[in-house]
Amino acid sequence: MPQPEGAELEAVRARRDDLRTQYLKPLADRGPSPTRGVHHIALICRDVETTIKFYQEFLGFPLVELVENRDYAGSSHFFFDIGHRNLLGFFDFPGHDHPDFSETIGAVQHLALSVSAEQFDAAKATLDAEGVEYLGPDRGVDDSLYFRDPNGVGIEFYREDLGVFDGERLVD
């Protein structure tokens, strides 16, 4: 996709600065969130077994439930433990035509998952060994590995603590 340049880029940056000034409060001045956190994120998959093999067998996230979708007969709803009591869920919708991933409004650009330095190195080695394409430390983002699952979902393994972005604590 084309990136803004010149005066257009400067206008985008100025708008971001205005938004930061208007809405971003210092950590000490922010109120608590009204929710307890993410229970699960629900995504759509093409094939249940392929998705299970990728997330459980390849990435190591335990499958913790597999049931029929409550509101679509024949559809599966299943969950993986992605750590810290967070779940990643998927649905399949048999009979639906599912187009390839598209970076568009409403789409998931990527899921960033916190990993330790050791997990980061192990994941990189696994991706290399299996020939999975990824973008990583070679892009100037030393603490990230970006790759896609079999459904086109972007996954980032981020070598950063939860609640921290680019070395700055964003939430307590």
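Are Phe 91 and Phe 93 buried or exposed? In this predicted model, both Phe 91 and Phe 93 are buried.

The structure contains 13 aromatic pairs. One of them joins Phe 54 and Phe 147, whose ring centres lie 6.5 Å apart with the planes at 55°, so this pair is classed as tilted. Phe 54 belongs to helix α2, spanning residues 48-58, while Phe 147 is part of strand β6, spanning residues 144-148; the pair therefore ties together parts that are 93 residues apart in sequence. Phe 54 has a relative accessibility of 10% and counts as buried because the cut-off for burial is under 20%. Phe 147 is likewise buried, its relative accessible area being 4%.

The rings of Phe 91 and Phe 93 also form an aromatic pair, in this case a stacked one, with a centre-to-centre distance of 5.7 Å and an angle of 25° between the planes.

The charged end of Arg 148 is placed over the ring of Phe 101, at 4.1 Å from the ring centre. Arg 159, in turn, lies over the face of Phe 120, and here the distance from the ring centre is 3.9 Å.

Note on methods
Residues numbered from 1 in each chain as written. Predicted model: local features only at pLDDT ≥ 70, side-chain atom pairs only at ≥ 80, totals over all residues. Heavy atoms only, no water. Phe/Tyr/Trp six-rings, centres within 6.5 Å; stacked < 30°, edge-to-face > 60°. Helix = DSSP H or I, 4+ residues; strand = E, 2+ residues; numbered from the N terminus. Buried < 20%, exposed > 50% of the residue type's maximum accessible area, 1.4 Å probe, protein only. Lys NZ or Arg CZ within 6 Å of the ring centre and 35° of its normal.
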